[in-house]
Each structure stands twice: as structure tokens, then as C-alpha cells.
Amino acid sequence: MTAAEQHPAAPRTRSGARRAEIVALASRMFRERGYHAVGMRAIAEAADMQAASLYHHFRNKEELLLEAIFVVDRDLVVDQLPILDGAGDHRERLARLVRGHVLHVGANRDAWWVAGRELRALSPEKLDAVQVYRRRYQHAIADFLAAGVAAGEFACPDPRLTALAVLDMLNGLNGWFTPGGRLGISELADRYAELAVRLVTA
């Protein structure tokens, strides 16, 4: 069993919903104060629960950090990859993938910040579990671009390099996007989809 298979997405149950609330709260606190400056007791107090109750959901702070990072590096991948095998031509599917990615960034800004800056706090085993998903997403996009080239829809001589360029463009959005700016996240999703399609068809 791979590391990815050992960490399936959390079920949509009441307990799963409560865990998601705690993860979102912890992500915000990690972003505001830094991972090492936030303790489990502080998270429990912010969540209006006893520390013992928090430990019922998460065995330790590293496990909570991993779940925060998995919002980006597991849940996004699980949701996005079926798009590549869905309906429509390669351009349409790439546009849908990009839109979904951008909207995910906008809806999970704290988790994206944590996933980009607190990886070094994970143990090697947990870091490997994260990297499994990252490589899976990157390789799937590269293979999809290569298939688009073979189908005559894309014109990128190096699909793997192009996949990295597309992902850098999408992931970089979290470094500067703030709600209430000149462009809303939905419009950015449309603009980025257009840019990505142009990149692979130019």
C-alpha cells in the first residue's frame, strides 16, 4: 500500500466536519503565528473545546499539521485528477482543471500558506506522504499534456517542463491573492484558465 493510499480523504461525516473545522482554525493560527509558536492547548481554546477533546481528533500537533497540508496536497489532487479523464477535448479539460485549482487556492488560503512554508516541520515519513500526492499531480498533468500533444491539440515540446510551469503559475497565486482586490477569485480562475490554454497551444 502506498503512502497516498494510507491517507484517504476524510469522510463527510459529522466527526469529519468537526475535524475540518479544527484543521481550518489551526491553519489560520499557524499562518498568523507560525507552527512552532502555536500549542495544542491554544488551538483547543480557540476551538472552544477541552484539550482532551482535541486529542480525541488528533494525536499530536504534527498530525494536525499534516491534515492542514493535506487540504492542499491530498484533497485537491483527489478532487482534480478525475477532470483529466472527464468529458471534453484536452483544452476544455485543462481549463476546468486550472479553474478548480485556482478556486481551491482562493477557498483555502491559510492551508496553502501552511503547505508552502511549514513542510520542514514534518517527520520524513509524513513528508514522504505529502510528496507522493505532489508527484502524482505533477506527473498526471505532464502525461495529460503529452496526450494533448499526441492528439494534435497542444503544442508544447516538453510536457513535463510545461506541467511544472503551469503548476508554478497556479501555486504562485497564493503568494499575492487577497479577497477584495482588483479581480475576484472567479474572474482570476477564468483568466488563469485562458492563460494556461494559451501556454500549451502557442
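Start by selecting Asp48, which sits in the loop between α2 (40-46) and α3 (51-57). Keep in mind on this tour that you are looking at a predicted model. Is Asp48 buried or exposed? Its relative accessibility is 72%, so Asp48 counts as exposed, since the cut-off for that word is over 50%. Now look at its backbone: the phi angle of Asp48 is near 60 degrees, a positive value in a residue that is not glycine. That deserves a second look because most residues other than glycine have a negative phi.

**Next stop: helix α5**

Which residues of α5 are buried? Colour His90, Arg93, Leu94, Ala95, Leu97, Val98, His101, Val102, His104 and Val105, and you have them. To see what surrounds these buried residues, show α4 (61-84), α6 (109-117), α7 (124-150), α8 (159-171) and α9, for they pack against these helices.

Two packed helices are described by the angle between their axes and the distance between the axes. Show side chains to see who meets whom: on the α5 side you will find, among others, Leu94, Val98 and Val102, and on the α9 side, residues including Leu188, Tyr192 and Val197. Sorted by class, this contact of α5 with α9 has 13 nonpolar, three polar and three charged residues.

**Across to α7 and α8**

How do their axes cross? They come within 8 Å of each other, at an angle of roughly 125 degrees. That makes α7 oblique to α8, and the crossing is right-handed. Select Tyr137, Ile141 and Leu145, which are among the α7 residues in the contact, then Pro159, Leu164 and Leu167, which are among those from α8. The contact of α7 with α8 divides into nine nonpolar, three polar and two charged residues.

**On to α4 and α6**

Now bring up α4 and α6. Their axes come within 8 Å and cross at roughly 100 degrees. The pair is therefore roughly perpendicular, because angles from 65 to 115 degrees are given that name. From α4, Leu65, Ala68, Ile69, Val71, Val72, Asp73 and Leu76 meet Ala111, Trp112, Val114 and Ala115 of α6. Which classes of residue make up this contact of α4 with α6? There are 10 nonpolar, no polar and one charged.

**Last stop: Trp113 and Asn174**

Stay in helix α6 and select Trp113. With a relative accessible area of 19%, Trp113 is buried, because the cut-off is under 20%. Leaving out residues up to four places away in sequence, Trp113 touches Phe30, Arg31, Glu118 and Asn174. Try the distance tool as well: Trp113 and Glu32 are 81 residues apart in sequence, and their C-alpha atoms are 10.0 Å apart in space.

Finish by clicking on Asn174, in the loop between α8 and α9. Asn174 is buried too, with a relative accessible area of 9%. What does Asn174 contact, neighbours within four places in sequence aside? Select Val105, Arg109, Trp112 and Trp113 to see its partners.

Terms used:
Residues are numbered from 1 along each chain as its sequence is written. This is a predicted model: local features need pLDDT of at least 70, side-chain atom pairs count only at pLDDT 80 or more; totals for chains, interfaces and linings use all residues. Side-chain values use heavy atoms; hydrogens and water are left out. Contact means heavy atoms within 4.5 Å. Helices (H or I, at least four residues) and strands (E, at least two) are DSSP runs, numbered from the N terminus. Ala, Val, Leu, Ile, Met, Phe, Trp, Tyr, Cys and Pro count as nonpolar, Asp, Glu, Lys and Arg as charged, and the others, Gly among them, as polar. Buried means under 20% relative accessible area, exposed over 50%, partly exposed in between (1.4 Å probe, protein chains only). Axes are lines fitted to C-alpha atoms, for helices over the stretch in contact, and angles run from 0 to 180 degrees between N-to-C directions. Angles under 35 degrees count as roughly parallel, over 145 as roughly antiparallel, 65 to 115 as roughly perpendicular and the rest as oblique. A crossing is left-handed if the near helix is turned anticlockwise from the far one by less than a right angle, and right-handed if clockwise.
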